[in-house]
Amino acid sequence: MFFPLRVITVVVAFATAALAAPRANPDRCNENTAPFQIRLAYAGDSGMAFSKNGILNRFARSDISTTYPTSSTYNNHVVITGLQSDTTYYYMPECGNQTYTFKTARRAGSSTEFSFAMVGDMGTFGPYGLSTTVGKGASNPLKPGEKTTIESLMTLKDSYDFVWHVGDIAYADAWLKEKGGYISPVNQTDGGAEYDKILNEFYDQVEEISSIRPYMVGPGNHEANCDNGSDLDICLPGQLNFTGYRAHWKFVLNAYLCPACPLLSPAEWRTSGIPGTTVRCTSSNSTPKTDFPNAPDEPGGEGDEDAGPFAPSGSQLAWLKKDLASVDRKKTPWVIASGHRPWYVSTTECLECQAAFEPLLLQYGVDLVLHGHKHFYESHAAIDNGTAQEIDADPTAPWYIVNGAAGHYDGLDTPSLPYVPTSRKVITLYGWSLFTVHNCTHLSTQFIASGNNSILDTATLIKDRNCYC
Ligand SMILES: [Fe+2]
């Protein structure tokens, strides 16, 4: 049966169950109250966070409804709890006309094989982003008929449980490229409309995935402001300091354990050990000015985003240490960490990030580290302070993978030659990574070329340990 629950109508049913007709309140629902940009996020193994957007000044019910200057929409958020783990549910947003499904996370200790998709640096596709034509100074347009990464993810949606986007989401700051004749003439006095349009375009496009698969995110430097840090004076209040990012991903970011650290990490995601099985995922913030020493986006740093502060000094590393230390490795043998800026990569690396995070990742035996930011794919060895270890021989250090090739509006980056000694595979095509956790000892990856879904790299991390589950 259906029952209404705040902004979302949810029915508890397995996928084969018959569905009743959706119910809507005619007093509140009209053509202007239809939800859009639906986004799911894990909320432990017995809950799910829902976010959707609505037109400003229209009715919306939710736990949190928020907007910001320059935004044309409200971001509405609600968390549904008390669900069964590892269960498929149907849901329909109130005033919607479509039924969706999602599956809750498994409980910690479950030994079932599962997969997740990892993307980095993925923006809008089409006229306001990456397309078959590129503007001045850009390269690597999509080929005619080539799938975008969103299309590739959709065609292979049955192959993964959730998506992990490691930062640089939407590239709304591409609006300035329009000013330079990249896309179309820009109106710099439009009150942020161009920026907002690109942002909405991305969330519209990704909705087909984010409405059916939990879409977990971490911040990238392009979320920071309207101009990627080069001329912050032109940014309006709603275009600074990760404002749009924080509004859109409120529940992913809402820090239940660290209320003072709203940008540090997806809270439910890190506290639940999602997807609850043999893996613990944690996401640090290697991009904005937060609280680790010499963070690159402090004023005068590499990115100079002038963002933050988001927490008292030292909060992020203290949180990460506590989070990693809390994992019961008998129940949750795999620990995967993500950040945005890489430090093992065949181009400019983030040494400040390495100094801050690598000691903790080594100390707590993190198995895999995912990074983006550089717009190509580079799989490395397992690495301990620059020294490579074989990934299939029970490494003691984390395995590092950089994949920021999902779709930046002006193309791919060119890695530097020679590749760093730890590099094992470089691919300069648009694509994403599919990870599969087979059991407590084997974790494999495939690089999927978005254009045609071909698999261009495979690798398996092998640990020598006892499985308790
Ligand atoms: Fe980036």
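**A pocket and a few residues**

Modeller: Strand β8 (residues 100–103) gives the largest share of the lining of the second largest pocket, three residues. Strands here are DSSP runs of E, at least two residues, numbered from the N terminus. This is a predicted model: local features need pLDDT of at least 70, side-chain atom pairs count only at pLDDT 80 or more, and totals for chains, interfaces and linings use all residues. Residues are numbered from 1 along each chain as its sequence is written, and side-chain values use heavy atoms, with hydrogens and water left out.

Biologist: Why does the second largest pocket lie between domain 1 and domain 2?

Modeller: Because domain 1 (1–104) and domain 2 (111–462) both give residues to its lining. The domain bounds come from an automatic or database domain assignment.

Biologist: Switching topic: where is N403?

Modeller: N403 sits in strand β19 (residues 399–403).

Biologist: Is N403 buried or exposed?

Modeller: N403 counts as buried, because its relative accessibility is 0%. Buried means under 20% relative accessible area, with a 1.4 Å probe and protein chains only.

Biologist: And which peptide bond is cis?

Modeller: The one joining L417 and P418, with omega about -10 degrees. P418 lies in the loop between β19 and β20 (423–427).

Biologist: What about phi of A170?

Modeller: Phi is near 90 degrees, a positive value in a residue other than glycine. A170 is in strand β12 (residues 169–170). Y171 also has a positive phi, about 55 degrees, and is not a glycine.

Definitions and conventions. Helix = DSSP H or I, 4+ residues; strand = E, 2+ residues; numbered from the N terminus. Buried < 20%, exposed > 50% of the residue type's maximum accessible area, 1.4 Å probe, protein only.
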